[in-house]
Amino acid sequence: MATAVAATPRDAKLYKPEVPPDWCPGCGDYGVLTVLQRACGELGIPNEQLMVISGIGCSSNLPGFFKSYGMHSLHGRSLPVATGAKMANHEMTVIACGGDGDGYGIGQGHFIHAMRRNVNLTYIVMDNEIYGLTTGQTSPTSETGMKTKSTPHGNPEGQLNPIALALAAGCGFVARGFSGDINHLKSLYTQAIQYPGFALIDVFSPCVTFNKQNTFGWFKERVYKLEDKGHDAANWNAAMDRSKEWGAQIPIGLFYKNPNPKPSIDAADPALQGQGLAKAKKLGLAAEQRKKLIEEYV
Amino acid sequence: MENEIMVGIGGAAGDGGASTADNLALTSARQGLHVYVYTSYQSLIRGGHSWIRLRLSTQMVNNVSDQVSAMIALNQDSMDRHLQELAPGGLCIYNGDKVKPGKAPEGVQLCPLPVFELAGKDALPIMQNTVGLGALTGLLGLEFASLSSVFEHTFKKKPQVVKANVDAAKAGYDFAVKTYKKISNPLGRTGAKLAMVHGNNMIALGAANAGCKVYCAYPMSPASGVLHWMGAHGPSLGICVRQVEDEIGVANMTIGAAQMGVRAMCATSGGGFALMTEAIGMASIMEIPVVMINVMRGGPSTGLPTKQEQGDLNQAIGASQGDFQRIIMAPASIADCYTSMEEAFNLAEKFQMPVLYLSDLLMSEGHMTLETSFLDREFKIDRGEMVFEDDGKGQSYYRYKDTPSGVSPRAIPGVPNHLYVSATDEHDEDGVTISDVYTDPVVRKRVVDKRERKMQGVLAALPKPKLEGPADADTTIVTYGSTWGVVSEAVERLNKEGIKCNHLSVKFLVPFQEKEVTEILKGKKNIIVVEMNKSGQFARHLRAETGIAATGHVRKYDGEPFEPKHVVNGIQECLKGQKLVETGSVEPGWRTPHPPGPGVLSTSSTH
């Protein structure tokens with residue numbers, strides 16, 4: 001495992017800053033945050049070894065409510081920013097997060113390529129099937145026919161399937177959680193953080209203000225756990241089959257975990273074989289290196 | 001400069017003109033001659049017309065001159081196109097078995113080579129280039145040993161290829177020397193030890209020498225050379241190089257890396273730079289030092305991918321919403337592309353803001369010789385105020401602390417007890433966001449003032465602009481960026497002709513050194529701005545920053561760089577009272593015909 005993790009579990013409270021979350025009461029994101037604090041505590045990761053990077057949106061406010069180093073970056077850009085952070089110091093644990101609009105809408109291109117690139121980081125998408133911070137427009141994961149402010153006559157477009165997309169893009173760890181089931185979600189987080197490559201956790205995190213369709217109750221009636229049905233998470237084809245289920249029965253849990261993961265890009269990059277690049281004390285070329293490079297042009 | 005010559009090599013893309021030019025340039029450089037090379041080409045991989053001009057001189061040269069004296073025509077098209085441009089005393093080398101000569105201008109020597117006879121019937125077609133290069137080496141009076149050493153170096157792992165090339169070149173050399181007249185002022189040897197470089201590898205080498213550790217890019221002409229250098233050298237130098245899915249990702253990845261405490265850089269051209277602009281604002285408000293290169297080409301939109309323009313100044317100035325702190329600088333030459341990297345990274349880190357670095361196609365893809373001693377220098381590295389280890393003062397640490405200089409010490413992530421979150425939302429000294437978590441117009445004003453205060457520090461840290469040429473002249477030519485070389489030559493020529501003038505090249509566009517520039521231009525009778533765009537972006541910027549309106553303007557925006565004659569004539573016209581001179585490369589050889597086709601008039605090349 002490339003992620004620096006201390007063995008001793010720590011109190012989840014250590015990851016709570018003075019600033020309290022400002023989400024709507026009852027928002028699914030509270031569960032996502034609390035579970036992340038518990039998971040990091042369980043893994044005993046020192047606060048300063050964590051870099052939590054989000055985009056823009058309600059859920060992207062998360063780094064402000066999590067005690068670690070963090071960046072609250074641009075809409076849709078958490079993954080390239082997080083990738084850069086990992087390249088600059090691969091010894092840190094990097095967690096990217098955001099919403100479905102952020103990651104599957106405006107940030108879709110980066111999403112696919114970050115998985116293809118296989119950066120060793122954990123990506124948590126708080127998926128509420130709506131644009132919340134802009135007060136309720138359709139999102140890429142909104143169901144077809146759903147009435148929103150931007151689609152008052154019903155969403156005419158198709159619904160994106162992030163699980164199938166992640167599997168197709170070569171993601172080695174694909175999971176889905178539900179913020180209404182905290183203990184189940186925590187186990188997915190700890191596994192994802194420990195996975196030595198890109199790990200996606202799509203989390204149903206209901207918007208209690210703007211999504212009156214996909215509510216906590218709606219999800220509770222539908223979700224079932226893959227592990228209860230004997231799903232083999234090492235079987236990519238089985239994962240792809242399960243990813244297609246939507247409607248009366250919606251699976252959560254670990255869809256796929258590559259049993260033989262290839263080295264992540266940061267583990268494979270020849271420039272990243274020593275300590276984190278950011279730790280270098282002396283910058284610039286050594287005299288011999290410089291002479292050799294100049295000789296190429298003579 | 002008397003002891004110099006300009007050589008042209010013309011052919012289609014894929015004819016091997018570029019490697020012929022490289023070999024000639026290296027041959028010259030190895031005997032201590034300075035070389036400047038500029039290639040005019042089309043955006044295609046095979047075919048079209050490519051015209052490479054090499055200026056060889058006993059002194060350092062920074063631009064092409066006005067007229068070609070010697071040329072190698074690799075195909076019929078090049079012969080037809082350029083023969084009439086050759087200066088008296090010049091010569092034209094070509095494969096006599098394939099290319100029909102045109103009528104040579106007065107005093108120009110036609111030098112056909114019997115390539116089949118000299119290279120052998122079984123030789124590869126590309127060998128005509130080697131035979132031609134051998135012949136040119138002989139007729140220019142260059143040393144054959146220099147040329148053969150270039151082949152030995154280039155093909156060092158393939159002795160048979162070395163021999164084939166040396167034999168073909170020698171055959172061309174001997175035949176030409178025996179059959180034709182050498183140029184009247186052969187170029188000798190100087191003692192200089194020279195490296196043959198181009199601007200993009202100077203940017204890359206400069207970045208490595210300045211301690212760049214993460215480089216991100218998306219392929220885009222004419223900036224890709226930086227990526228190629230980084231791709232080749234990054235692994236052995238410990239530089240992490242990522243080719244990213246788009247320039248939005250490039251900029252964000254670079255910024256993410258820089259936030260962690262490495263020196264990080266990216267490079268692109270105008271179209272890619274457009275995609276980076278939102279992230280530039282992020283680096284500004286989060287106070288993250290990054291160096292972002294825009295290698296300008298002809299715009300707007302896809303524009304002229306393989307042609308020169310200085311048209312992205314407005315874009316750089318406006319490269320974010322809101323008031324954003326950044327440094328915009330433009331190196332003035334290929335040599336300056338190298339040394340400016342030292343300044344760029346130091347300024348970025350000392351003042352914690354993005355540095356937007358405007359190169360252009362002329363510098364980035366132009367080749368020239370630089371003394372190896374100039375390149376072999378350790379760069380000074382000044383990282384500004386940073387916290388690398390827990391100093392026990394974490395309790396009172398605020399990442400965005402309001403200080404007299406506006407610069408807040410930057411703890412790099414990983415340091416215990418200095419935790420903070422950087423946000424693109426406006427934020428207080430401790431990083432807590434304004435407008436989300438709470439709202440406070442007083443704090444908003446204070447933090448904007450804090451960031452803007454840094455610009456005063458930048459101004460104080462910049463090297464002063466220098467006036468070149470006679471200080472008491474009442475005519476000053478003002479430029480920015482890559483036009484420095486050609487305008488310097490034009491100004492020198494004008495002074496020799498009795499027209500007294502001097503030259504101010506502005507390197508820092510933002511912050512603008514208003515006081516110093518105003519002091520220099522105060523009381524001048526004629527202020528003439530020479531720049532490569534249509535609308536006079538730099539002249540407008542000069543006026544916006546200083547209130548000084550130029551009295552004359554010389555502009556070129558046809559894609560080909562200025563030659564000294566364009567500048568000299570333009571300045572002379574301005575001095576005669578013309579306000580605006582829009583000059584161009586009008587020789588017929590520059591233009592290739594519009595392809596005929598249904599509904600398209602093939603005569604369009606005539607209007």
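This report walks through the interface of chain A and chain B, then a few elements inside each chain.

First, some ground rules. This is a predicted model, where local features need pLDDT of at least 70 and side-chain atom pairs count only at pLDDT 80 or more, while totals for chains, interfaces and linings use all residues; side-chain values use heavy atoms, with hydrogens and water left out. Residues are numbered from 1 along each chain as its sequence is written, and chains are lettered from A and ligands numbered from 1 in the order in which they are written.

**Where the chains meet**

Let's start with the contact (heavy atoms within 4.5 Å), to which chain A gives 54 residues and chain B gives 74 residues. Put together, the two chains bury about 5,100 Å², with 64% of it on carbon and sulfur atoms. That buried area is the accessible area (1.4 Å probe) that two parts lose on being put together, summed over both. In chain A, the residues that lose the most area to chain B are Y69(A), L283(A) and Y297(A), together 16% of what that side buries.

There are seven salt bridges between chain A and chain B, each a side-chain nitrogen of Lys or Arg within 4 Å of a carboxyl oxygen of Asp or Glu. One of them joins the side chains of E295(A) and K193(B), at 3.0 Å from N to O.

On the side of chain A that touches chain B, strand 2 (69-72), helix 2 (78-88), helix 4 (108-117) and helix 10 (287-295) each give two or more residues. Helices (H or I, at least four residues) and strands (E, at least two) are DSSP runs, numbered from the N terminus. Helix 2 of chain A provides the largest share of that side, seven residues.

**Strands that pair**

Two strands pair if DSSP finds at least two bridges between them.

| Strands | Sense | Bridges | Bridge partners |
|---|---|---|---|
| Strand 2 of chain A and strand 17 (residues 421-423) of chain B | parallel | three | M71(A) and S422(B) |
| Strand 11 (residues 290-296) and strand 13 of chain B | parallel | seven | V290(B) and P354(B) |

Strand 13 (residues 354-360) of chain B is largely enclosed by the rest of the structure, because seven of its seven residues are buried. Buried means under 20% relative accessible area, exposed over 50%, partly exposed in between (1.4 Å probe, protein chains only). P354(B), L356(B), L358(B) and D360(B) cover one side of the strand, and V355(B), Y357(B) and S359(B) are on the other.

**Two spots in chain A**

H110(A) sits in helix 4 of chain A and counts as buried, at 2% relative accessibility. Its side chain makes a polar contact with the side chain of R77(A) (3.0 Å). Leaving aside neighbours within four places in sequence, H110(A) is in contact with residues of both chains, among them P80(A), E245(B) and I248(B).

In helix 8 (residues 236-243) of chain A, the buried residues include A238(A) and M240(A). The buried residues of this helix pack against helix 5 (162-168) and strand 8 (250-257) of chain A. At the helix start, a side-chain oxygen of N235(A) reaches to within 3.0 Å of the backbone nitrogen of N237(A).

Definitions and conventions
A polar contact is a pair of N or O atoms within 3.5 Å; within protein, one must be able to donate a hydrogen and the other to accept it, and residues adjacent in sequence count only if both atoms are side-chain atoms.
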